[in-house]
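Have the sequence and the model side by side as you read.

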Amino acid sequence: MKKILITGGNGLVGYSIEAPIKITRNDCDLVDFNKTFDTFKKLKPEGIIHCAGKVGGLGGNMNYKGEYFYQNLMINTNVIESARLVGVKKLVSFLSTCIFPDTVEYPLTIEQIHNGEPHISNYPYAYAKRMADIQIRAYREQYDLNYSSIIPSNIYGPNDNFSLEHGHVMPMLIHKLYLAKRNNTDFTVWGSGKPLREFIYSKDIAKISKWVLENYNGTDPLIISGDGEVSIKDLVDLLVQEFNFKGKVIFDKSKPDGQFRKPSNNSKIKELMPNFKYTSFEKGIKETISWFVSNYEKCRK
Ligand code: GDP
């Protein structure tokens, strides 16, 4: 497929996907239907990888509930409807493992997406994203469109948002550690360090999403996660080692732990792409830190 369009072209995932057309929020406000439709009509893509969204870590989700709900709901609705109207044949949309119910059977499986309330810390984002799953299912059935979604675990990598308030755990800890080392101060981590997360490197998910767009014709969303769970404490230890940080590490229990864990069943993508080599956690972390340090002045933070 030649004419692939990426929405969220300057985001964590969009940045790493190789594709001829990338749009960012400066090119088109996807919250606005007319602008979205006009942009797609002008660009005439054959396929779309839809990565754009209002995203953030635990802090962002808890502090901007209204914005996260409205913007994600509008963006997904406008993108998928405009794609249909301009005759886009294939589309892959990004969901997230945090859209699953809080009370759920582990590992997460796609049958459980709509089986209960999401975790209280991110329900507006989760419900808005769940609607993209519904929209795609409905469009497949009514319009016979070959659209699908992927559900990644916690993505990290170069060009992330390194904000100290609403970033995800990996970029935020990297930024905090960078400052603690530079200023000779303590390094403060949120919560107990006990929660578990599955991480996936942005460059891996970029390659996988392109493969899915070009090769996958199934109905089910595909769960994509790396190799197993890591505790926040283990992540902290790895980062401290990588930065060679000798100062004090504080676990601030007045800050939230969020969801305790959300291990997922990624067997379907493993079956579909048996030879795909996932980047090791150590290598991904090294590359991400090195990108952040070299781009400190100009990166999103
Ligand atoms: P989540 O996976 O959707 O909950 O989002 P995050 O990527 O923000 O990860 C949150 C987990 O990391 C929680 O268990 C937090 O307590 C823990 N954590 C530790 N330090 C930080 C931090 O500085 N920022 C964030 N966002 N999370 C942190």
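Is Lys 286 buried, partly exposed or exposed? Lys 286 has a relative accessible area of 46%, so it is partly exposed; here buried means under 20% relative accessible area, exposed over 50%, and partly exposed in between (1.4 Å probe, protein chains only).

## Ground rules

This is a predicted model, so local features need pLDDT of at least 70 and side-chain atom pairs count only at pLDDT 80 or more, while totals for chains, interfaces and linings use all residues. Residues are numbered from 1 along each chain as its sequence is written, and side-chain values use heavy atoms, with hydrogens and water left out.

Helices (H or I, at least four residues) and strands (E, at least two) are DSSP runs numbered from the N terminus.

Zooming in, E1 (residues 4-7) pairs with E3 (residues 47-50) over 4 bridges, in the parallel sense. Thr 7 faces His 50 of E3 there.

## Helices on the sheet

Contact means heavy atoms within 4.5 Å.

How long should H6 be? Its 14 residues should span 20 Å at 1.5 Å a residue, and its end C-alpha atoms are 20 Å apart, which agrees; the expected span is 1.5 Å times one less than the number of residues. Its buried residues include Ile 205, Ile 208, Val 212 and Leu 213.

## Charged pairs

The whole structure holds 10 salt bridges, each a side-chain nitrogen of Lys or Arg within 4 Å of a carboxyl oxygen of Asp or Glu. Lys 286 pairs with Glu 242, with the closest N and O atoms 3.4 Å apart. Glu 242 is in helix H7 (residues 232-243) and Lys 286 in helix H9, so this pair ties together parts 44 residues apart in sequence. At 34% relative accessibility, Glu 242 is partly exposed.

Glu 287 is in H9 (residues 281-294) and Lys 203 in H6, 84 residues apart. Lys 203, Lys 283 and Glu 287 are linked in a network of salt bridges.

## Two cores

A nonpolar core is a set of buried Ala, Val, Leu, Ile, Met, Phe, Trp, Tyr and Cys residues joined through side-chain atoms within 4.5 Å. The largest has 30 residues, of which Leu 91 and Tyr 147 touch the most other members. E2, H3 (65-85), H4 (123-143) and E5 each supply at least two of its residues.

Leaving aside residues up to four places away in sequence, Leu 91 touches Ile 48, Val 79, Tyr 147 and Leu 213, among others. Apart from that core lies another, of 29 residues, including Val 240, Ile 285, Trp 291 and Cys 299.

Definitions and conventions: Pairing = 2+ DSSP bridges.
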